[in-house]
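Please open the structure in a viewer and keep the sequence at hand.

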Amino acid sequence: MGMLKTVSEAWKVKELRSKMIFTLLMLVVFRIGSNIPVPFINREYLAQMFSGDNMGLFELFNLFSGGSFSNFTVFALSITPYITATIIIELLTVAFPYFEKLAKEGMEGRKKMAQITRYFTVVLAVIQALGLTLGLFRQAIVDSHWYTFALIMLVLIAGTTFLMWLGEEINEHGVGNGISLLIFGGIVSRIPSQFMQIGDKVKAGSMSVISLIIFIIFAIAVVVGIIAMQQGTRKIPVQYAKRVVGRKMYGGQSTHIPLKVNQAGVIPIIFSLSLLEFPITITYFFPDSKFYDFCQKWLMPTGNPGVWVYSILNVFLIIIFNYFYTAITFNPVDVADNMKANGGFIPGVRPGKATVEYLSRVMSRISIVGALFLAIISTLPTIISVYSGLNLEFGGTSILIAVGVALETVQALDNQMLMRRYQGFLK
């Protein structure tokens, strides 16, 4: 109810209403482009390519593109090159002093990193377009002339570049994070077809009404759990000492450091799925081989005991990657140094090394909760799908991303309304 109230109040403000309408129009443009097919493609062959249940990494690409990948439309590459470039640049800030320096240079440094990310996105788009055109989709291309391949590659690269521009336009003139909203739009667009499939199964008798009710209850519980976990924080109290500068006294106030329970977001799931789905993706090219039979039995989530091996490995990798990515995004040394420089301290903890150790210990404890939560959300729908016979395309990862983006967008609206209230007070 709070989310709906925030949206309704924001709609009454002319400036915010314009931003919301602009964001919706950009999402409409995105969905229109997602249905424009790439030329010179045999659609019947394409449908046969993606008719199986196990698509490996292709299912992950299809998730981010909202079905554009399997339909090979102009947005088939989606925004994944930009996401990959952003993650790599973020990791480079830990490994290379140059990028670390840019990250600490404020607005100018962020602009420079954004520019590098754009260039890197185009490079990755060229590589992926080359791989798809000359590799995976080569047999689906009806004309084998070199200019046909060049045109298809150009269309794919232009599609990703346009989406990158679209996301930045939403950031500047709309509401929320543009790239996240594009992924959100692709995921949500698949909900109607999922509901239609469930409805057809109920009518055909392959799914009972009781199973449908249990599924709805489970879906609601998952959404509620995701919201609670996404909003969950551990507040570390911070006290600032009083100091006199000239004739004025500064400090003395109390505040807190909010440590998010799910600090890494959905990144650990993406990393884990990328590793687990890689051998399954290889079997896509070798359907009649011993390697395919091995993966079918031991590694595929539809195999037996493959579903349990897949699930156990998924839980293990998500926990590992959660700690890894949390260590990159949260640096207790920097937090402790900033607190000490401003005269702040945690009550009962000495500034300096003791503060670093305390923050690291607290983050380590709450990270295991976030990691187990991500593991359950990612793994449970897979097991349910296997033993219930219900193909959950809109699984835990999709719900996690969709709910997370929705909460982030509503929070952005709330922040903008709060800023307007402060501006009105100052006037």
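**Helices α8 and α9**

Begin by selecting helix α8 (residues 106–136) together with α9: their axes come within 9 Å and cross at roughly 145 degrees. Axes here are lines fitted to C-alpha atoms, for helices over the stretch in contact, with angles from 0 to 180 degrees between N-to-C directions; helices are DSSP runs (H or I, at least four residues), numbered from the N terminus. On the α8 side, select the contact residues (contact: heavy atoms within 4.5 Å), including Arg118, Thr121, Ala125 and Leu134; on α9, include Phe149, Leu156, Thr160 and Glu168.

This is a predicted model, in which local features need pLDDT of at least 70 and side-chain atom pairs pLDDT 80 or more, while totals for chains, interfaces and linings use all residues. Residues are numbered from 1 along each chain as its sequence is written, and side-chain values use heavy atoms, without hydrogens and water.

**Pro81**

Next, select Pro81, which lies in helix α6 (residues 80–95). Beyond its neighbours within four places in sequence, Pro81 is in contact with Thr121, Leu124, Ala125, Gln128 and Thr160. Pro81 and Thr160 are 79 residues apart in sequence, yet 7.6 Å apart in space, C-alpha to C-alpha.

**Helices α9 and α10**

Finally, select α9 (residues 146–173) and α10 (residues 178–188), whose axes come within 7 Å and cross at roughly 115 degrees. Leu163, Leu166, Gly167, Ile170 and Asn171 of α9 meet Gly178, Ile179, Leu181 and Leu182 of α10 in this contact.

Definitions and conventions: Helices (H or I, at least four residues) and strands (E, at least two) are DSSP runs, numbered from the N terminus.
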